[in-house]
Structure formats: structure tokens, C-alpha cells
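Here is my note on the model, as requested. Please read it with the structure open.

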Amino acid sequence: MNQLIGKVAVVTGGGQALGEAAARRLAREGAKVVVVDTDSAAGAATVKAIREAGGTAILVTADVAAPNEAVRVVAETLKAFGQLDVLVNAVQPATAWKSFAEKDDADFDAVCASVLGAQRMMKAAYPQLRESGAARVVNVASAYGATSYLDVTDHVARDGALQGLSRAVAVEWGRDNITVNFLVPGLIDTPEFRRWHAAHPQRTDKLVKGVAMQRLGDPLEDFGGALMFLVSDEGCFVTGHPVYADGGQHLSAPAFEPGMRG
Amino acid sequence: MGRLEGKIAVITGGTQGIGRGTVLRFLKEGAKVVYCSRNPKNNEEMLPMIDAIPGGRQKSLFIAADVGNKAQIQDVVHEAARRFGGVDILVNNAQGIAALKPLEAKPDEDYEMTLRTGFYYSKWTMETALPYMKARSGGRILNFSSHWALNGMLYSSDYNVTKAANEALTRSAANEWGKHNITVNCITPAGDSFAYRMYCSMNPGVDAAICAAIPMGRMGDCEIDIAGAMLGLVSDNGRFITGQTFMVDGGAWIAKPPNEHAVDTDIHAGRHQETKAGA
């Protein structure tokens with residue numbers, strides 16, 4: 001519906017499922033989008049999808065958690081589009097599902113790197129976000145944040161850190177008219193979800209039926225819709241806030257059963 | 001093309017403050033709106049604002065109704081269906097308010113009135129709207145809470161209890177009605193409303209203290225800021241968002257508001273509801 005005409009958005013993790021959905025939805029609404037990912041091929045696929053739908057996007061291959069990379073992403077954004085109004089940190093680190101006792105330092109380091117990436121992107125983008133006059137930052141949680149899953153302690157720890165960061169930065173940036181919010185996806189129709197479903201069809205169906213709205217979320221319409229709520233003029237006075245794009249999963253959903261890994 | 005083209009909304013407490021802002025915003029986005037308040041005189045100020053919106057008068061209907069009167073408020077919902085063909089959106093904004101008093105001095109009648117004109121009527125309108133929303137393959141409901149409920153604001157125990165009840169009602173309905181494609185959310189606003197200004201006029205200095213504690217540094221404009229979030233939740237962007245309480249408040253919820261008002265502040269001075277059970 002063209003709610004973002006004239007805006008420029010940066011989406012990290014733009015080659016992954018939720019980042020891709022975010023990038024495509026923002027582009028559909030008229031934003032020029034900078035797709036950022038460590039995986040060039042995946043990022044390029046998102047850019048291609050955006051362009052084929054008539055939108056504007058470029059790719060920046062970067063690991064925003066690495067030193068100076070976030071600064072480079074902002075520089076490339078300004079070079080291409082001259083401004084920065086929306087920042088979506090959607091990197092979803094991948095670690096193996098294991099019990100907490102089996103998780104090792106490397107797992108926690110991997111997920112914490114994505115907090116560092118979000119923090120570095122926010123810092124690097126700040127001058128431009130301030131100049132925007134009505135900027136938006138959305139930090140995206142893991143897919144495990146809306147309910148209690150087993151074997152994902154590192155991801156849930158990361159979500160806590162990212163939510164706290166969102167809230168604390170929101171307090172500092174409020175007077176710059178920048179909102180900073182935390183978007184929690186529920187069960188969204190992503191390749192990862194389809195892998196679960198292929199491996200465990202009955203248990204996955206039961207998970208979806210347990211959600212209040214009793215359906216799977218569409219990446220662009222449901223997850224993307226909630227993102228648009230925060231990023232458009234609708235979310236202009238909401239900040240520091242967790243928002244669940246989950247059809248009610250956070251209310252009551254069956255706990256993840258043991259053994260449903262990977 | 002507005003974001004609410006083809007939609008029919010019912011808004012209680014629609015002539016002032018947040019209710020007024022919501023009526024105007026929803027009309028501008030193409031909705032048909034049925035709104036109510038107790039006193040028809042309150043609508044007189046509103047009509048020129050509605051006339052300034054193309055088609056505004058034809059697409060809106062004011063009904064004088066007391067939310068504390070079950071038959072009256074249920075009929076507001078039915079009238080929306082009779083006049084405009086259905087109900088898609090329900091906004092339970094109205095709230096009766098008693099004078100502030102220490103908890104131990106607050107009579108049962110204060111709680112009864114506040115619950116009736118806040119929680120019970122929300123339940124009545126929701127029940128009445130349900131078949132209409134099902135007939136239109138879905139719906140959007142917004143109830144109201146308050147920072148005061150979160151923080152146990154001084155001398156306001158009846159109101160605080162009522163708003164907390166609205167939050168749990170919201171979650172219950174979200175859980176039960178999600179399968180009908182009905183989303184139910186709760187709004188905790190910080191709006192520069194008539195009620196807020198009354199409150200400030202009775203407590204000098206409190207406005208500055210409150211705004212200083214808000215990250216965005218100001219109270220919200222009822223039509224732009226508060227109704228903006230409500231618009232998002234009831235329009236297509238909110239289609240997968242349900243069962244949540246939204247602080248539409250520039251971040252005010254993150255800090256705690258100053259607990260600095262006078263006992264006996266009465267923002268509805270002289271205009272209390274006098275609904276009796278069964279009236």
C-alpha cells in the first residue's frame with residue numbers, strides 16, 4: 001500500500017527467510033532497500049526478487065558484527081541512496097539444537113555475535129536515523145521467542161539481550177523521534193518450518209493448531225504486516241516494545257516436545 | 001485508498017480525546033463509524049470536524065448511550081449492523097471514573113461503577129459484536145488499559161482493577177476467538193486528551209513531570225499518535241497480532257510515572273454516571 005515511499009531501509013540478515021520477507025515487504029511499500037548478508041548468493045536472491053517485483057534494492061555483503069563493517073554498510077547506503085530511515089536487524093544465527101548441558105561456548109558466541117551486530121548497526125546508523133526525523137529501528141527475535149522450546153537456550157538468551165538493548169536504546173533515542181522495537185515472530189512459513197514439518201508432520205501440525213489463530217504465518221503478509229505496523233506511521237508512538245507477530249502463540253501453545261530437533 | 005475502506009467500526013466514548021481522535025482517523029481512512037457518548041451536547045463540537053472529512057457525515061452515526069446501561073450499549077452495536085451492514089471493528093474506549101481516594105476509603109460503589117462502565121460494558125459489546133464479526137469472516141477488537149493499572153497508581157484502585165480486568169479479558173477473547181480470525185488487543189495510551197488535561201488542571205506541575213519521564217518527551221496526539229497505533233492494529237498490518245497490550249505512549253511505560261497527584265482529584269467532576277444495576 002505504499003506506506004514507505006521516499007524512505008530508505010537497511011535489512012541485515014536479508015538473505016535469510018525473515019530478513020528476506022522484511023526486505024521484500026519494505027520494498028513493496030515503496031522503500032529503497034539495502035539488503036545485507038554474509039551470504040552473497042542469498043542476499044542477491046532477495047535483491048533479485050525485489051527488482052523483479054518492481055522495487056529498488058542493492059546488496060551489501062558484510063558481517064555486521066565484525067569491526068568497521070556496520071560503518072561500511074551505512075557508508076554504502078548513503079552512497080547509493082543518500083539517507084537512512086529504517087533499520088531492521090534480522091540476522092538469525094544458526095546453531096545446532098542441543099540441551100543446555102550440551103551447548104558449548106561456541107554456540108553462545110555465535111548467537112551473541114548477532115547482538116553485537118545489531119548494536120554496531122544501530123550505533124553506525126544513528127546520525128542518519130536522527131537526521132531522518134522519524135526513523136525506525138526494529139530488532140527481530142529468534143523464531144523461538146514466542147513460546148517455550150527445548151534445546152535453544154542460546155537463542156533465548158540472545159533474545160533477552162536484544163530486547164533489553166531495544167528498550168534501553170529506545171529511552172535514549174526517543175527525543176530524536178526514533179522508535180526502537182523488538183519484533184518476535186511466531187510460527188512463520190519459512191524453509192526452516194517446512195523442514196520441521198517434513199521431519200515431524202503430526203507434531204508440527206499440533207503446534208500450529210495450538211496457536212489462537214490456528215494458522216501458520218505468511219512471511220510477507222503476517223510477519224511483514226507486523227513489521228509495517230512498527231515501521232509505518234502507525235507505530236510512530238510505540239517504542240521499546242516487544243511485538244509478537246505470532247497469531248497469539250505467546251498466549252498458549254503446546255510446549256515443544258523433546259526429540260523434535262532440527 | 002484508505003486503510004479501512006469497506007470496514008465498519010463501533011467506537012465508544014467517541015466525542016472527546018482519544019475516542020474523538022479515533023473516530024476522525026478511522027473516517028479519514030475510509031471506515032464507516034458508529035460512535036457514542038452519554039451526552040449529545042458533546043457531539044456538537046465534533047460535527048464540524050466530521051463535516052470537514054469528505055463523506056464524513058454520511059459515513060458516521062452518533063448515538064447517545066450510557067456504556068453502563070447494558071441494553072443501550074448493546075443496541076449501539078446492533079445499530080451499526082442495521083445502519084451500515086455489519087461490524088468489523090470494535091473500540092471500547094469509554095470509561096467512567098470516580099474521584100481519587102485512598103484504597104481503604106474507596107466505597108464498593110466506586111468499584112461497581114468503574115467496573116460496569118469499563119470492564120462489563122467491554123464484555124457486553126464484545127459478545128454482541130461476535131456474531132457480526134463471524135458473519136464478516138473476522139474482526140478487530142481494541143480494549144483499554146492504563147499505566148495506572150501497571151503501576152498501582154495512588155488512590156485509583158477501582159480504576160486500576162478495572163483496567164487490569166480489561167487486559168485479561170483481552171487475552172481470554174484473543175485465545176477463544178482467534179479461530180474466527182478475530183484479533184483482540186489492549187491499548188495503554190498516553191494521550192493529550194480531555195481527561196488528561198482535566199487531570200493536569202487539578203494537579204499543577206504534573207504535566208511537566210510526566211513528559212520529562214517520557215522518552216519521546218511528550219504526550220501523544222490523539223488522532224496522529226494514539227489512533228495511529230489503533231489503526232495499525234485494526235487494519236491489514238495487524239492481521240497476525242493478537243492478545244497483546246500495547247503501550248502507545250512514546251515509551252512512557254519504561255520509566256514509571258510520578259505518583260504525585262492529590263487525593264480527591266476528580267476528573268469527571270459533577271458528571272458522574274448514575275447507572276444502577278438493571279437500569
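1. Conventions. This is a predicted model; local features need pLDDT of at least 70, side-chain atom pairs count only at pLDDT 80 or more, and totals for chains, interfaces and linings use all residues. Residues are numbered from 1 along each chain as its sequence is written, while chains are lettered from A and ligands numbered from 1 in the order in which they are written.

2. Chain B overall. Chain B has 10 helices and 7 strands. Helices (H or I, at least four residues) and strands (E, at least two) are DSSP runs, numbered from the N terminus. The radius of gyration of chain B, taken over C-alpha atoms, is 18 Å, close to the 19 Å that the globule rule gives for 279 residues, so chain B is as compact as a globular protein of that length. That rule is 2.2 Å times the number of residues to the power 0.38. The C-alpha trace of chain B spans about 45 × 45 × 40 Å along its principal axes.

3. Inside chain B. Of its 279 residues, 56% count as buried. A residue is buried if 20 or more other C-beta atoms lie within 10 Å of its own, exposed if 12 or fewer, and partly exposed in between; C-beta atoms are placed from the backbone. Among contacts in chain B with a separation of 6 or more, 78% join residues 24 or more positions apart. Contact means C-beta atoms, placed from the backbone, within 7 Å.

4. The interface. Here 32 residues of chain B are in contact with 34 residues of chain A. On the chain B side, H7 (157-177), H10 (222-234) and strand E7 (245-248) each give two or more residues. H10(B) gives the largest share, 6 residues.

5. Helix H3 of chain A. Its 13 residues (69-81) should span 18 Å at 1.5 Å a residue, and the end C-alpha atoms are 18 Å apart, which agrees. The expected span is 1.5 Å times one less than the number of residues. Which residues of H3(A) are buried? They are Glu69(A), Ala70(A), Val73(A), Val74(A) and Thr77(A). These cover an arc of only 145° around the axis, which puts them on the same side of H3(A). The arc is that of the directions from the helix axis to the C-beta atoms. Just after H3(A), Gly82(A) takes a positive phi of about 80°.

6. Pro93(A). This residue lies in the loop between strand E4 (86-89) and H4 of chain A. Pro93(A) counts as buried because it has 20 C-beta neighbours inside 10 Å.

Note on methods
Contact = placed C-beta atoms within 7 Å.
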